[in-house]
Amino acid sequence: DFLCISLVNGFTQLRYNLGDRTVILQTLQKVNANGNTWHSLSAGRVGNEGYLDLDGINITQKAGPGMNALDTHSDFFVGGVSSLNLVNPMAIQNEPTGFTGCIREIVINNRELNLTVTDPKGGANIGDCDGTDCGYTVCKNNGTCQVGNSGFSCSCPREWTGIMCEQSIYCSQNMCGSHAFCIPQPSSFSYTCACALGWTGKYCDNKIRFYIAKFIGNSYIKYTDPFYGKRDLQYSRLSLNFTTNQTEGLIAWMGKSEDEDNDFLAIGLANGTVKVVINLGERISVPLMHRKYFTCSDGRWHFITVVQNQTCIKVFLDEELILFEDIDPQRKYTALNYGGVCYFGGFEIGRKVNIVTTGLFQKEFIGKIKDVVLFQDSKKIQLMKAEGYNIHDGNS
């Protein structure tokens with residue numbers, strides 16, 4: 001499998017192969033090769049349907065049935081490759097040669113790559129394209145960069161301040177403690193403090209301990225499984241107790257949640273009933289909903305267990321088997337490669353549940369969670385020792 005963007009006779013070309021055939025898309029217009037014109041390029045695929053957009057002119061290719069996952073295990077290369085042997089002959093039209101020019105603002109699956117000296121894994125023969133101290137996006141939040149005798153200076157929009165316009169004016173005089181960070185609230189010309197795990201209070205200066213985690217809607221816990229490397233991922237299990245009076249919310253997400261191809265096991269509420277979604281490799285799982293129970297939003301404690309035995313999924317609610325389904329009788333993918341990461345209640349601050357889960361769940365969880373157990377472990381997860389923000393003591 002591969003996905004490749006290249007220049008061919010002045011045109012931009014996208015080629016990809018998901019395992020069955022090579023798809024080729026080419027722009028209608030040529031690239032301006034005068035060396036001082038920036039072009040905006042957007043390319044990719046949704047399933048096996050490709051798109052290529054150069055400066056707002058879009059080319060798409062409807063695809064028939066076929067493979068729809070990109071299975072690659074190589075590094076991601078920009079501008080050239082470390083060895084031409086890595087380039088599939090079908091990935092380019094002519095003999096492969098390195099790119100000559102400038103590249104900036106690379107965004108993959110909504111995450112921007114830092115094109116700096118230290119961030120990439122490696123590279124060779126790369127120079128500074130801008131040639132001034134301003135560079136690209138030195139000034140944050142739409143600030144304007146000016147080159148001076150002693151470097152650069154930023155002219156900031158009125159709601160931002162700091163050397164690089166990196167700080168909101170609403171947070172410039174904040175009183176958030178050292179275990180917090182400031183979240184600007186422009187509508188009220190104020191701010192709130194997001195408290196790290198184990199701290200609470202208006203300014204996050206009260207230390208707490210808890211065994212029951214209370215989520216307030218802008219909360220999350222991220223737990224890294226220390227035993228991930230030893231797990232048999234064909235037989236996964238997650239169990240926990242929860243209580244809520246809300247009808248919507250993401251309770252737990254086993255998986256890295258970085259892009260659409262990451263495996264995951266998710267538990268949440270939709271319309272007051274339990275919803276379980278599992279992806280073992282190609283987003284093949286249809287959400288499993290249980291219609292009988294509409295009592296999960298009643299403020300009482302409920303015990304849920306999800307068991308994955310290869311492609312067979314069992315869901316127990318309050319010790320009763322409520323769902324049992326084989327999500328892929330073909331057994332194409334049988335392991336839950338969740339990366340050793342588990343989220344509870346939501347995701348990192350600024351990452352909305354409905355966006356990260358592509359609409360599978362609508363809101364962050366409001367309620368309490370306790371007694372979380374992974375696989376057949378004899379001990380419960382110590383939520384206090386994870387990372388997270390805005391978690392309150394749910395013991396009382």
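Mentor: Let us begin with a definition: a residue is buried when its relative accessible area is under 20%, exposed when it is over 50%, and partly exposed in between, as found with a 1.4 Å probe on protein chains only. This is a predicted model, in which local features need pLDDT of at least 70 and side-chain atom pairs count only at pLDDT 80 or more, while totals for chains, interfaces and linings use all residues. Residues are numbered from 1 along each chain as its sequence is written, and side-chain values use heavy atoms, with hydrogens and water left out.

Trainee: At what relative accessibility does Glu-348 count as buried?

Mentor: Glu-348 meets Arg-351 in a salt bridge, with N and O 2.9 Å apart, where a salt bridge is a side-chain nitrogen of Lys or Arg within 4 Å of a carboxyl oxygen of Asp or Glu. Glu-348, by contrast, falls under the limit for buried residues, and its relative accessibility is 18%.

Trainee: Which residue is linked with Glu-348 and Arg-351 in a network of salt bridges?

Mentor: The count of salt bridges in this model comes to eight, and the pair of Arg-351 and Glu-348 belongs among them. Beyond that pair, the network of salt bridges takes in one further residue, Lys-222.

Trainee: With which residue does Asp-377 form a salt bridge?

Mentor: The closest N and O atoms of this salt bridge are 2.7 Å apart, and the partner of Asp-377 is Arg-231. The pair links distant parts of the chain, 146 residues apart, since Asp-377 lies in the loop between β27 (366-374) and β28 (387-393) and its partner in the loop between β17 (213-224) and β18 (235-243); here strands (E, at least two residues) and helices (H or I, at least four) are DSSP runs, numbered from the N terminus.

Trainee: How far apart are N and O in the salt bridge of Asp-326 and Arg-331?

Mentor: Asp-326 is partly exposed, with a relative accessible area of 28%, and Arg-331 also counts as partly exposed, at 36%. Their side chains meet in a salt bridge in which the N to O distance is 2.7 Å.

Trainee: Which side chain of opposite charge is nearest to Lys-275?

Mentor: Lys-275 sits in strand β21, which covers residues 273-279. Lys and Arg count as positive and Asp and Glu as negative, while His and the chain ends are not counted. Lys-275 is buried yet has no salt bridge, and at 7.1 Å the nearest side chain of opposite charge is Glu-248.

Trainee: The side chain of Lys-275 reaches the backbone oxygen of which residue?

Mentor: Leaving aside neighbours within four places in sequence, Lys-275 is in contact (heavy atoms within 4.5 Å) with several residues, including Ala-266, Pro-287 and Phe-361. At 2.5 Å, the side chain of Lys-275 reaches the backbone oxygen of Leu-360.

Trainee: How many disulfides does the structure hold?

Mentor: A disulfide is a covalent bond between the sulfur atoms of two cysteines, and here it is taken as a pair of cysteine sulfur atoms within 2.5 Å. One of them joins Cys-156 to Cys-165, with an S to S distance of 2.1 Å; Cys-156 is partly exposed at 27% relative accessible area, while Cys-165 is buried at 0%. The number of disulfides held by the structure is six.

Trainee: How many residues apart in sequence are the parts that Cys-171 and Cys-182 tie together?

Mentor: The sulfur atoms of Cys-171 and Cys-182 are 1.8 Å apart, and with -80° about the S-S bond their link is left-handed. Cys-171 lies in the loop between β12 (167-168) and β13 (180-185) and Cys-182 in strand β13, so the distance in sequence between the parts tied together is eleven residues.

Trainee: In which strand does Cys-193 lie?

Mentor: Cys-193 forms a disulfide with Cys-176, their sulfur atoms 2.1 Å apart. The two are 17 residues apart and link distant parts of the chain, with Cys-176 in the loop between β12 and β13 and Cys-193 in strand β14.

Terms used
Polar contact = N/O pair within 3.5 Å; in protein donor to acceptor, adjacent residues only side chain to side chain.
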